[in-house]
Amino acid sequence: MQSESMYHELIKMIEGDQQAFHTLYDATYRDIYRTVSFLVDHPQDREDIMNEIYMQMWTSLPNYDLDRPFHFWLHGLVIRQVQRFRVKSWRRFRIFDRIRVFSREELYWDQPKETTDGIDPEISKAMQKLTDKQRTVIILRFYHDYTLEEIATLLDIPVGTVKSRYHAGMQSLRKHMGNHSLERMEKNNAY
Amino acid sequence: MPIESQIREHLHQEAETLECPQAVSKRIEQSYSQYLKQQRSKNIMKKRLIGGIVAAVIMIPTAAFAAPPLIEMMTRTPMTAEQIRMDSVGQAALEKLYHSYPETKSFVITDASQLGVDPTNVSMGKAIQTSIVLEEKGAYGKKVRLDLNGITGEIEHVNQENWEPLGKPVISLTDEEIKLKVDELINKLFGSSEKYEYSMEPIQNPDQKTLILNYAEKGSTTPYYQALVQGNTISVSLIGGGSAPSVEGYFTTNGKPDYTADAFLNDENLFSLLQMSPAELKQELAKGISVVEIAASKKISKQQVLDVIASTQAKKQIQADLHGKASDDETLEQLKQILAPKVSQVIEHKTETSW
């Protein structure tokens with residue numbers, strides 16, 4: 001993703017250039033969908049959030065900071081939409097319904113996935129055990145390779161908070177990933 | 001391998017397995033074209049925005065339940081209570097409602113909107129549909145929603161909510177009582193329900209008991225009115241049964257029904273001129289005589305028949321072009337002249353001959 005050209009595509013898209021929309025969409029949708037999938041479990045929710053994110057694209061251009069890379073702005077958008085969605089869904093469901101939804105979500109995750117070659121199911125499971133907040137930090141750190149400072153900016157929270165979520169997340173991951181990585185954890189605690 | 005790299009690798013591998021469903025791309029593309037459309041009509045929208053904000057403030061209590069889908073939100077133009085009272089269609093409907101149900105005079109208009117007003121051309125064209133919601137004050141107030149045809153001003157749909165006490169919703173009444181309630185609603189707001197055949201049946205709905213009531217004209221399969229009763233709500237829609245009983249395939253060609261002339265011959269004015277029902281007309285035509293000959297046997301001239309059909313068709317044409325704006329006689333005459341040869345061909349046609 002070339003930040004500068006993406007910015008120009010964005011402007012063109014907002015002015016109504018269909019071609020620019022397709023260029024932009026093709027360049028981004030995989031990354032966005034995957035990020036959303038990591039953060040949100042239910043397929044229908046993912047779809048809704050995807051739609052929201054793109055709708056936000058043509059309204060939140062004014063927030064675009066030219067000094068920062070394009071994907072930084074994009075991920076900020078993703079994070080905000082996912083968070084907004086969580087707040088909404090908590091409001092929407094009463095506790096009773098929520099319990100039902102939870103049990104369904106777990107059911108969904110219990111199903112064996114078709115394409116699990118090369119993927120350690122243990123790590124997948126450990127990732128599911130993280131809280132939403134921890135998971136967001138872990139995904140941004142390891143999937144998108146952001147520094148903790150950048151994550152703090154993205155999430156609009158203090159660096160200290162990011163650090164504590166990060167460490168709590170790592171601890172939980174270690175615990176759930178079993179023994180085979182325990183022995184190395186002392187040596188390689190760097191990020 | 002340190003746990004960090006393990007996780008990193010794992011995430012990237014898992015990401016490869018996550019493919020964005022096609023449906024999502026389609027949906028987003030639609031949202032984008034919707035955005036473009038909105039963008040183009042933005043200038044006019046601005047003017048309406050001020051009205052919209054005022055309306056939104058008034059409508060705060062309804063905002064919670066009115067979560068319309070995106071598309072509807074964009075084409076529905078909110079109206080204020082004042083605007084709806086000024087609107088000719090809205091005014092007429094309100095008067096009718098107040099007259100039929102005097103208690104509604106004290107109700108507050110909580111929501112009003114127009115569907116399909118062309119924002120690029122405000123002065124011309126009317127709304128396809130105008131909707132008004134009235135509510136009684138109080139926590140469990142009665143509520144009425146009216147959907148009006150923007151062109152003819154007819155009531156197309158009525159939603160009556162909470163008219164029965166909370167402890168005893170409509171659905172809990174006996175079938176007889178429910179029918180009476182629905183009849184009353186139709187008689188007061190639409191017209192007589194008496195001449196229609198009526199049937200009531202439950203709908204398969206595991207969540208809530210729902211009844212459907214069909215009022216159909218004798219022999220017609222499409223209902224004229226249709227009412228749904230659910231919880232404490234009655235909603236009645238005018239379906240119209242396909243404007244008057246009509247018949248398909250007046251003529252036959254090689255033994256097969258020929259629909260060519262149907263659009264011209266399914267004309268209520270023609271039926272009343274000939275004093276025949278559509279079915280009778282079809283029967284007569286099947287004998288191999290033309291419409292003109294049938295008319296002649298009733299001492300009606302060809303010119304009269306031609307005139308009736310041509311003017312109906314011309315009016316339809318004008319209505320489609322001008323959104324039902326009043327047309328001048330000149331255009332009507334011109335159109336009739338253009339149509340005359342076609343009509344004449346139809347009414348001289350005999351079944352089983354080539355056109």
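**The interface of chains A and B, and two sites within chain B**

The contact between the two chains draws on 48 residues of chain A and 29 residues of chain B. This picture comes from a predicted model. The size of an interface is often expressed as the accessible area lost when the parts come together. Here, chain A and chain B bury about 3,700 Å² between them, and carbon and sulfur atoms account for 63% of that area. Three residues deserve a look on the chain A side: A:Arg34, A:Trp58 and A:Phe142 together supply 17% of the area that chain A buries against chain B, more than any other three residues.

On chain A, the side that touches chain B is built from several helices. At least two residues each come from α1 (3-15), α2 (18-39), α3 (43-57), α6 (121-129), α7 (132-142) and α9 (159-177). Of the elements in chain A, α2(A) gives the most to this side, with 10 residues. By residue type, the side of chain A that touches chain B divides into 23 nonpolar, 13 polar and 12 charged residues.

Turning to chain B itself, strand β3 (residues 129-135) is mostly covered, with 6 of its 7 residues buried. In a regular strand, side chains alternate between the two faces of the sheet. The partner of β3(B) is strand β4 (residues 143-149) of chain B, and the two pair in the antiparallel sense over 7 bridges. Within this pairing, B:Glu135 stands opposite B:Lys143 in β4(B).

Beyond its neighbours within four places in sequence, B:Val170 is in contact with B:Glu164, B:Ile178, B:Val229, B:Gly231, B:Asn232, B:Thr233 and B:Ile234. For B:Ile234, which lies 64 residues away from B:Val170 along the chain, the C-alpha atoms of the two residues are separated by 7.8 Å.

Technical notes:
Residues are numbered from 1 along each chain as its sequence is written. Chains are lettered from A and ligands numbered from 1 in the order in which they are written. This is a predicted model: local features need pLDDT of at least 70, side-chain atom pairs count only at pLDDT 80 or more; totals for chains, interfaces and linings use all residues. Side-chain values use heavy atoms; hydrogens and water are left out. Contact means heavy atoms within 4.5 Å. Buried area is the accessible area (1.4 Å probe) that two parts lose on being put together, summed over both. Helices (H or I, at least four residues) and strands (E, at least two) are DSSP runs, numbered from the N terminus. Ala, Val, Leu, Ile, Met, Phe, Trp, Tyr, Cys and Pro count as nonpolar, Asp, Glu, Lys and Arg as charged, and the others, Gly among them, as polar. Buried means under 20% relative accessible area, exposed over 50%, partly exposed in between (1.4 Å probe, protein chains only). Two strands pair if DSSP finds at least two bridges between them.
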